[in-house]
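Hi,

Here is the structure I said I would pass on. Have a look at it first, and my notes follow below.

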Amino acid sequence: MMLKTFCRQCPAAARNFLCASRIRGISTVTPSDAQRSTIFALSTPPGKAGVAVIRVSGPDALDVWKRVIRNARRRGDLGNGIYYQPEQRKMEKCKIVHPESGELLDDGLAVFFKGPKSFTTEDVVELHLHSGRAIISAVLSALATIKSCRPAEPGEFTRRAFLGGRMDLTQVEGLRDLLEAQTDTQRKLALRAAAGDMRVRFEELRTQIIHCLAMVEALIDFGEGEEIEEGVYEQAQIEARNLLQAINGHLNDSRRGEILRTGIRLAIFGPPNAGKSSLLNFLARREAAIVTPIPGTTRDVIELSLDIGGLPIIVADTAGLRKTEDLVESIGIERTKEAVQAADVSICVLSLPEMLNSAASPSKRKSLEAAEHQSMPQIPSSVASLITQNTCFLLNKADLLDSTIATTSLGVVSQVLERATGKEADGEKMEATARWENVWTVSLQNGKGTEEFLQSFAKSLKHRYDISADESVLNDSYMPLITHTRQRVHLESAARFIEAFLSTPPEDVVLAAEELRYAAQAVGKISGLIDVEDVLDVVFKDFCIGK
Ligand SMILES: Nc1nc2c(c(=O)[nH]1)N(C=O)[C@@H](CNc1ccc(C(=O)N[C@@H](CCC(=O)O)C(=O)O)cc1)CN2
Ligand SMILES: Nc1nc2c(ncn2[C@@H]2O[C@H](COP(=O)(O)OP(=O)(O)OP(=O)(O)O)[C@@H](O)[C@H]2O)c(=O)[nH]1
Ligand SMILES: [K+]
């Protein structure tokens, strides 16, 4: 089956989007230049700094240059209304002046990018100024006096880059994430998207769907009387099935890309006074939460953003779980439950001495192993009910115990924890065993065991989420494809249309083609190839001015 089959059909309005140029290009949404004004904004943070950059983009950018740049390398204003053309992409030392009064505003640098070889694909002028509030506001006010110029909206430079075909929506999202990136992992993930990796991968998916569609279309086109290859429909179904499998593989990624982008949500929970706030402070390396000997000190959820081994973590310290008559505390406990349930990973902090006390009186502690069957240590049911597969355990206050007792008791406590998760009964012994690597004994007070805990915890997180733990596995299949819910929604919808195609019999070939066309459209929405207007505002809403 050859591709020219569907090229022949291009003029037919209903199949118009099959045209190869439409498949590749995204310029179908570009409005004419005439509608566009020239925009300007400060692209660096306002205030005192080394350099400030004001960007000007649009059809009149060169005119702006002529009006505010003087004494540039090649003499600037040549008189008689004749101006030189600045050399493209060459920084020039110049004076920046008021376009009307000619007053000197700053002594700086300027550079001209001739469209489309610029960030926005339009003509761009950048003014590199000394960064001070008065200079910046004087130059911005001066630009505002130029009729064809207006201040840019948030994200408007990037919007123009998108409309000019410089970027697709996955790149726009990547760029925004890059600006937001706080950790190394976030930077890597965002940079790949901004550079177009995701765009290529989604376009590949779309091209494959279109290939199936082309085969099905061929069956419609040839119709009765004409010779048609045997098994074309079957072949299309085989390809579609493989494609569906690949898409489902991406959809079943445990939301890894989305979690990495927004931060891994980590909840700290446990009984009152176990040392939860002490753990938060240890992780934050500062006194972020109040630590007192009074049980019930933390009453509300405290959230912090942390970087653990390059991974973005949003950690929540929560109220200790216990029965309470206190209204404020009980609301805090409700919030704790919500925070733990919403978390990707949780750490249950338990006081080891307290657990052992619940098992045996102090005099019996030494023969704990023997006593294990009569009185197992207990986890309060309110705590146990929040334990899941994703829970790790920190057994705290080991300093209050004799070190040999602490060690021998660990086995018993682990059994209790195992029982609390209820996994033993499900016959998932293997999985449960693996999980006990996630039990640590520490003293948050004297610091014993804490660094080992942190390293080992970071390692297990990296194993689960990281994109950079091992460079040798940095390939497409390891790199999460989906980093935004928006993308997931469209990909899910594509999968449903492909499923619908797979269950359509060959007699209904017209309907079958329709399902595939919808599938291709759904993937196209991810890049913004089609139906772009409704998503633009969503994608651009978090941009800052000047980007
Ligand atoms: N001074 C300055 N630095 C900056 C930016 C900027 O706008 N100004 N950028 C703002 O985000 C980023 C660079 N983004 C850009 C992306 C594409 C093109 C561009 O002209 N592309 C052309 C030519 C490529 C080439 O010469 O190799 C193209 O791809 O056709 C320019 C900047 C980071 N650094
Ligand atoms: N001996 C000892 N005391 C500790 C340790 N860790 C914390 N503590 C003390 O235990 C008390 C409670 O610590 P927090 O970190 O406030 O405990 P919490 O679990 O956040 O407590 P609530 O806010 O009541 O839920 C404080 O007096 C801490 O100094 C430890 O490893 N050993
Ligand atoms: K406390």
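**What I found**

Of the 547 residues in the protein, 50% count as buried. Please keep in mind that this is a predicted model. The accessible surface of the protein is about 26200 Å², and carbon and sulfur atoms account for 53% of that. In secondary structure, the protein has 21 helices and 13 strands. If you take the contacts between residues at least 6 apart in sequence, 69% of them join residues at least 24 apart.

**Confidence**

The mean pLDDT of the protein is 81, and 77% of the residues score at least 70. Strand β6 (residues 124-131) has the highest mean among the elements, at 97, while helix α1 (residues 4-7) has the lowest, at 30. There is a stretch with pLDDT below 50 at residues 1-34, and it has 54 contacts in the model beyond near neighbours in sequence. Residues 362-367 are also below 50, with 3 contacts beyond near neighbours in sequence. Where pLDDT is low, the predicted coordinates should not be read in detail. For the complex, the predictor gives an ipTM of 0.80 and a pTM of 0.76.

**Ligand 1**

Which residues surround ligand 1? They are R55, R89, K117, S118, F119, E126, R166 and K547. Sorted by class, that shell has 6 charged residues, 1 polar and 1 nonpolar.

- R89: an N or O atom of the side chain is 2.7 Å from an oxygen atom of ligand 1.
- E126: a polar side-chain atom is 2.5 Å from a nitrogen atom of ligand 1.
- R166: a polar side-chain atom is 2.8 Å from an oxygen atom of ligand 1.

On its own, ligand 1 has 680 Å² of accessible area, and the protein covers 49% of it.

**Ligand 2**

How many residues surround ligand 2? There are 23, and the closest are K276, S278, G296, T298 and D399. By class, the shell splits into 12 polar, 8 nonpolar and 3 charged residues. Helix α11 (residues 276-284) supplies the largest share of the shell, with 3 residues.

Again, a few polar distances:

- A274: a backbone N or O atom is 3.1 Å from an oxygen atom of ligand 2.
- N396: a polar side-chain atom is 3.0 Å from an oxygen atom of ligand 2.
- L444: a polar backbone atom is 2.9 Å from an oxygen atom of ligand 2.

Taken alone, ligand 2 exposes 650 Å², and the protein buries 91% of that.

**One loop residue**

Last, a word on D253, which sits in the loop between α9 (232-251) and α10 (256-262). Is D253 buried or exposed? D253 counts as buried because its relative accessibility is 14%, and the cut-off for buried is under 20%. Setting aside neighbours within four places in sequence, D253 is in contact with I482 and R488.

That's what I have for now.

Cheers

How values were computed: Residues are numbered from 1 along each chain as its sequence is written. Chains are lettered from A and ligands numbered from 1 in the order in which they are written. This is a predicted model: local features need pLDDT of at least 70, side-chain atom pairs count only at pLDDT 80 or more; totals for chains, interfaces and linings use all residues. Side-chain values use heavy atoms; hydrogens and water are left out. A residue is near a molecule or strand if one of its heavy atoms lies within 4 Å of it. A polar contact is a pair of N or O atoms within 3.5 Å; within protein, one must be able to donate a hydrogen and the other to accept it, and residues adjacent in sequence count only if both atoms are side-chain atoms. Accessible areas come from the Shrake-Rupley method with a 1.4 Å probe; for residues, only the protein chains shown count as cover. Ala, Val, Leu, Ile, Met, Phe, Trp, Tyr, Cys and Pro count as nonpolar, Asp, Glu, Lys and Arg as charged, and the others, Gly among them, as polar. Helices (H or I, at least four residues) and strands (E, at least two) are DSSP runs, numbered from the N terminus. Buried means under 20% relative accessible area, exposed over 50%, partly exposed in between (1.4 Å probe, protein chains only). Contact means heavy atoms within 4.5 Å. pLDDT is the predictor's confidence in each residue, from 0 to 100.
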